[in-house]
Amino acid sequence: MPSLLVDNIGELVTNEAGRGEGGPLGIRRRVAVLVEDGEVVWIGPTADAPAADHRIDAVGSAVLPGFVDSHAHLVFAGDRAAEFAARMAGEPYTGGGIRTTVGATRAASDGELRATVRRLRAEALRQGTTTIEIKSGYGLTVVDEARSLRIAAEVSAETTFLGAHVVPAEYATRPDDYVSLVCGPMLAAAAPHARWIDVFCERGAFDADHTRAILTCGQAVGLGVRVHANQLGPGPGVQLGVELGAASVDHCTHLTDADVDALASTRVGEEDGGTTTVATLLPGAEFSTRSPYPDARRLLDAGVTVALATDCNPGSSYTSSMPFCIALAVREMGMTPAEALWAATAGGARALRRDDIGVLRPGARADLIILDAPSHLHLAYRPGVPLVRQVLHNGVPR
Ligand SMILES: [Zn+2]
């Protein structure tokens with residue numbers, strides 16, 4: 001495969017702590033990056049750059065690792081713009097609207113679902129997202145969950161079985177039976193297409209016992225654990241996720257001190273085991289439901305590993321934009337621009353237990369963003385502006 005040199009980089013964010021300025025961002029200046037076979041093979045001063053078959057001139061701009069969006073729900077049909085408008089007119093968010101999307105998703109053809117997934121995947125890539133996790137969870141039958149994951153797996157290796165998104169209407173009076181279905185035939189049909197299992201652990205969705213039962217079944221067939229936890233109110237999700245060794249607990253909007261301590265405790269032994277449970281914050285959801293934002297500052301000060309993701313879904317956060325989430329995190333959640341960028345790249349990689357993405361070093365995947373800006377600071381400083389000039393995905397310019 002021909003080699004490619006990205007040259008004249010003004011500021012390179014490597015996320016290699018200690019290898020440059022800016023602490024964890026590992027910023028290097030006036031460098032070039034050589035890419036071969038989808039991997040970074042060399043980083044060094046522009047003046048020392050080796051010859052390559054192709055060259056991209058970054059003209060002094062900032063270059064960063066591609067965004068890692070570790071939480072998205074892209075397999076659905078229909079939209080809920082009217083529900084959004086009603087909410088902005090004063091109606092509260094309850095999570096009940098998920099069933100609206102379930103009806104539309106079940107009625108859609110494979111081709112319609114595939115077209116939506118591909119459209120949103122392309123939309124995210126244009127905004128710099130080179131890795132995106134995709135959940136099922138709008139089918140809620142054996143057949144519809146399996147096909148959702150099959151279609152998701154066509155565009156991402158990071159697929160998550162979320163049969164336990166909500167109890168579907170036909171099981172409303174017998175949730176135990178639905179949990180049995182999720183743990184039995186639905187999991188069996190979904191697991192071949194999934195890397196992860198997830199549960200919406202929330203009042204009105206799944207309680208602690210159901211969540212534990214479902215996640216444990218998933219672990220038994222080799223799926224990694226993630227949890228939707230503590231979004232709408234305090235609850236058992238975060239501590240349950242920590243107990244089960246979840247890669248990530250997501251939302252984390254309503255946390256007790258014990259929840260924060262539990263998350264911080266998973267950092268112990270991080271270097272030799274990879275057992276950290278990441279707190280993935282999803283500010284697009286608070287924005288779109290006009291709810292209080294999670295307190296990222298409290299988590300960071302306690303030593304918790306924090307990721308940022310979009311939660312892209314048609315009900316509570318219909319954004320695929322990681323730069324938007326970075327801007328919200330900085331403006332509304334007490335994060336510095338550097339912390340937010342790290343969380344949207346290296347943090348997302350940790351939430352997916354990956355060390356080949358979210359970082360730029362020899363051997364890492366050549367997933368990177370060339371900004372139309374001299375510094376990564378502009379992502380939060382210039383909110384809403386399309387600053388992503390070019391994306392390399394697996395070393396291929398997009
Ligand atoms: Zn979600």
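Here is a friendly walk through a few parts of this structure. The model is a predicted one, in which local features need pLDDT of at least 70 and side-chain atom pairs count only at pLDDT 80 or more, while totals for chains, interfaces and linings use all residues. Residues are numbered from 1 along each chain as its sequence is written.

Strands S2 (residues 27–36) and S3 (residues 39–45) run antiparallel and are joined by 6 bridges. Helices (H or I, at least four residues) and strands (E, at least two) are DSSP runs numbered from the N terminus, and two strands pair if DSSP finds at least two bridges between them. Look for Val-35, whose bridge partner in S3 is Val-40. The hairpin has 2 residues between its strands, and Asp-37 takes a positive phi near 50°.

Next, move to strand S10 (residues 196–201). Here 6 of the 6 residues are buried, so the strand is largely enclosed by the rest of the structure. A residue is buried if 20 or more other C-beta atoms, placed from the backbone, lie within 10 Å of its own C-beta. Trp-196, Asp-198 and Phe-200 cover one side, with Ile-197, Val-199 and Cys-201 on the other.

S10 has parallel partners to follow. Strand S9 (residues 159–164) pairs with S10 over 3 bridges, and Phe-161 stands opposite Ile-197. Ile-197 also stands opposite Val-225 in S11, the strand of residues 224–229 that pairs with S10 over 6 bridges in the parallel sense. S9, helix H5 (residues 175–190) and S10 make a right-handed β-α-β unit. From S10 the chain crosses through helix H6 (residues 208–220) to S11, and this crossover is right-handed too. The term applies if, with the strands pointing away from the viewer, the path from the first strand over the helix to the second runs clockwise.

Finally, turn to helix H13 (residues 337–351). Its 15 residues should span 21 Å at 1.5 Å a residue, and its end C-alpha atoms are 19 Å apart, which agrees; the expected span is 1.5 Å times one less than the number of residues. A kink of about 40° is centred on Ala-343, where the bend is the angle between axes fitted to the seven residues ending there and the seven starting there. Of the 15 residues in H13, 13 are buried.

Leu-352 lies in the loop between H13 and strand S15 (368–371). Leu-352 counts as buried because it has 28 C-beta neighbours inside 10 Å.

Key. Buried ≥ 20, exposed ≤ 12 C-beta atoms within 10 Å, placed from the backbone.
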